[in-house]
Amino acid sequence: MSYEVVWEPEALAKAERFAKDDPAGVRQVFTAVDHLADDPRPDSAFGSTDVLRIHVGDYRVMYKISDQQICVSVIHLGNRSCREAESLRWAFYAVTIAHYVQRPSVLGGSLEAFPGPRIAPASCRRDNAMDPDIRTRAALEEHWQASERGDTEAEHAIYAADAILDYPQSGERFRGRATISAQRGGHPASRHFTVHRIVGSGDLWVSECVITYDRAPTYSVSIMKFAHGHVVHETQYFADAFGAPEWRTTLAEPMPGRNIARA
């Protein structure tokens, strides 16, 4: 029997925040949480019967299990920083108390018998549309970070085995993850990547970045189509910098943080 795994909005918001600085770590969290579908009470978890915590790298995940609904609800995500750890401890205390408050026969008490914070149990909701988008954004951020640090294996982990990469300006097509990795790994120039923007949702995502080849900047747009969590088709465009003509000098203003280059 496989459980449905859902993320409560507060936990999803935390994951999205952490993914900005640590996309690889958040991907590990999502992978570990996915495994709870088949084993919601692993030996590494601790807590009560239905409210548990697991550790995933620097992160702490708290979740509730509903055997009746066959559902695992992730209700809190924190990391090892003092503030997050303290927040996780209080949240765990509050939810555990609320869990038992609803079962007075277990402890022989009543609602009034348990002072302190109480949190109503979270229902197993199915409105977690952000979940796959957070995963995809984390994967994209890790892809570009791996590109910058020269980690070829991590850079190309985002691609499906039979992915296609197109360069429309040259007419080239590269078929398969291994071929895509080989053509990039064989580039003679020293490359660096600065990502300006990642936008998208569902199966279509666009990254806008500057790639420098031996210190010469090239502006690039990458359009990626996803299926089953991996890139199946990427189209990448490249454009060199150019100087602005004099005839539109009075019409233009510099972009934030930029100076206008003159022809």
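The model is predicted, so local features need pLDDT of at least 70 and side-chain atom pairs count only at pLDDT 80 or more, while totals for chains, interfaces and linings use all residues. Residues are numbered from 1 along each chain as its sequence is written, and side-chain values use heavy atoms, with hydrogens and water left out.

## The largest pocket

The largest pocket holds about 660 Å³ of space. A pocket here is an open set of points on a 1 Å grid over the protein atoms alone, where a 1.4 Å probe fits, with protein on both sides within 12 Å along at least five of seven lines. Its volume is the space filled by probe spheres set on the points. Lining residues have an atom within 4 Å of a point, and 26 residues line the largest pocket. Tyr-219, Phe-242, Met-255, Arg-258 and Asn-259 lie nearest its centre.

The elements giving two or more residues to this lining are β9 (204–213), β10 (216–227) and β11 (230–240). Strands are DSSP runs of E with at least two residues, and helices are runs of H or I with at least four, numbered from the N terminus. The largest share of the lining, 4 residues, comes from β11. By class, the lining has 16 nonpolar, 4 polar and 6 charged residues. Ala, Val, Leu, Ile, Met, Phe, Trp, Tyr, Cys and Pro count as nonpolar, Asp, Glu, Lys and Arg as charged, and the others, Gly among them, as polar.

## Helices α1 and α2

Helix α1 (residues 9–21) packs with helix α2 (residues 23–35) at an angle of about 140°, their axes being 6 Å apart. Ala-15, Phe-18, Ala-19 and Asp-21 of α1 meet Pro-23, Val-26 and Phe-30 of α2 in the contact (heavy atoms within 4.5 Å). This contact has 6 nonpolar, no polar and 1 charged residues.

## Two residues

Ile-198 lies in strand β8 (residues 191–201), and Asp-39 is in the loop between α2 and β2 (46–47). Buried means under 20% relative accessible area, exposed over 50%, and partly exposed in between, with a 1.4 Å probe and protein chains only.

| Residue | Relative accessible area | Class |
|---|---|---|
| Ile-198 | 10% | buried |
| Asp-39 | 39% | partly exposed |

Not counting residues up to four places away in sequence, Ile-198 touches Arg-137, Leu-140, Glu-141, Trp-144, Trp-205, Val-206 and Ser-207. Asp-39 and Met-1, 38 residues apart in sequence, are 9.4 Å apart C-alpha to C-alpha.

Technical notes:
Axes are lines fitted to C-alpha atoms, for helices over the stretch in contact, and angles run from 0 to 180 degrees between N-to-C directions.
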